[in-house]
Structure formats: structure tokens, C-alpha cells
Amino acid sequence: TERAKKFAEETPRNKLRRKEFQILDQAWLDAFLERGAFGTLATSYEGQPFVHPSLYVYIKEENAVYIHAAKSGRRWANVILNPKVSFNVSELGDFQAAPSAAEFVMDYSSVTIFGTCEIVESHAERRLALEAIMLKYAPHMTPGEHYAPLTDKEVDSPALYKINIEEMTGKDRQSEPKGETYTYTFPPGEK
């Protein structure tokens, strides 16, 4: 317990134990967040952590992540009662087989964000973020051609969460193959 407490007290929240995997390059972090498929928002209430898978958009100029979600429920309540959050985006890489099971390695990359979360009230900011979410997840579709553009009512209807980024760190875990390299599929073995 003392060893864990010492580590927690002495290690900044954005520092990795394995420094050789840590990425602090802002261009790498930006590109990773811009291409991520989804992220996981971590909130807490009275010491109990909760995680919420989330579609999101990263707007570099705002130094923020925006999440579209409901105006009620656990995420909403936790953010209002404790705005301190973290947010993670990850990509699974290849598996590296090895001579022994203990030496198998999974390659992956991730970015973890630390910050505060708020519910966005500004109509202009809401429109900017919601249109950015649509552009991210439906880049092949054009508003007015493939779907109706967002109305003012639609812009103001859902909850829109904004994570104000205080710190972030990346991790890029790539290993040298010691045996077979394969991509994980689920269920295993299916293509």
C-alpha cells in the first residue's frame, strides 16, 4: 500500500511508467484524436468510477473534445456533480506470439486526456461541434443533399458535453516480433 501511495503521489497523472512508449508530440496526439473511432469518458461519483463509451469529435482550435449524449442519466449527473474527467481513445494493433504465453504482446496506441467537463449552452458552439461530429462520422454525406441540415431545435435538443483539455499523453506500444504476428478478430478465427 505504501509503495502504491508513493507512486501515485510522486508521478504526474500524464506520465507513463514505461517512458519508451510515451508520446508527447502534439502533432501525433492531434492526428490520433482526429482519426479515433470512439472514446471512453471516465467520470466518478462519491469515489465510484464510471466509464461511458462515446462518439466524439476533437476540435484542436478549442483544445477540447465534444461528446453528443443524453440530457439525463449517469454521465449527465456525474459531470454536473464532479466535472473532473478523463477520456481515452485507443486503437488495437497486432498481437505478437512468442515461445511462451507469458511473452505474448499486444501492440496498441492510445491517447488519454485529463480535464474538466461541462455541458455546452452556447447555440453557436453547439452547432459548430454537432456539425463537426456529423462531418467526422458521415464524411461521405452532404447536409442538404443526403440528409436534412441541423435545425436550431435539433442543435439545442441533445446534451453536448465539452471536455476542456488540461493535459494529455499518448502511448504507442509497438514491439519487435518474436514469433507469429496476427490481428485479433472477434469471435476469434473469423475473418
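A polar contact is a pair of N or O atoms within 3.5 Å; within protein, one must be able to donate a hydrogen and the other to accept it, and residues adjacent in sequence count only if both atoms are side-chain atoms. This is a predicted model, in which local features need pLDDT of at least 70 and side-chain atom pairs count only at pLDDT 80 or more, while totals for chains, interfaces and linings use all residues. Residues are numbered from 1 along each chain as its sequence is written, and side-chain values use heavy atoms, with hydrogens and water left out.

**R126**
- A polar atom of the R126 side chain lies 2.8 Å from the backbone oxygen of V155.
- R126 belongs to helix 4, residues 123-137 (helices are DSSP runs of H or I, at least four residues, and strands are runs of E, at least two, numbered from the N terminus).
- R126 is buried at 4% relative accessible area (buried is under 20%, exposed over 50%, partly exposed in between, with a 1.4 Å probe and protein chains only).

**Aromatic pairs**
- Rings of Phe, Tyr and Trp (its six-membered ring) pair if their centres lie within 6.5 Å; planes under 30 degrees apart count as stacked, over 60 as edge-to-face and the rest as tilted.
- The count comes to three aromatic pairs.
- Y56 and F87 are edge-to-face, because their ring centres are 5.3 Å apart and their planes at 70°.
- Y56 is in strand 4 and F87 in strand 6, so this pair ties together parts 31 residues apart in sequence.
- Y56 is buried at 0% relative accessibility, and F87 is buried at 1%.
- F95 and Y182 are stacked, with 5.5 Å centre to centre and 15° between the planes.
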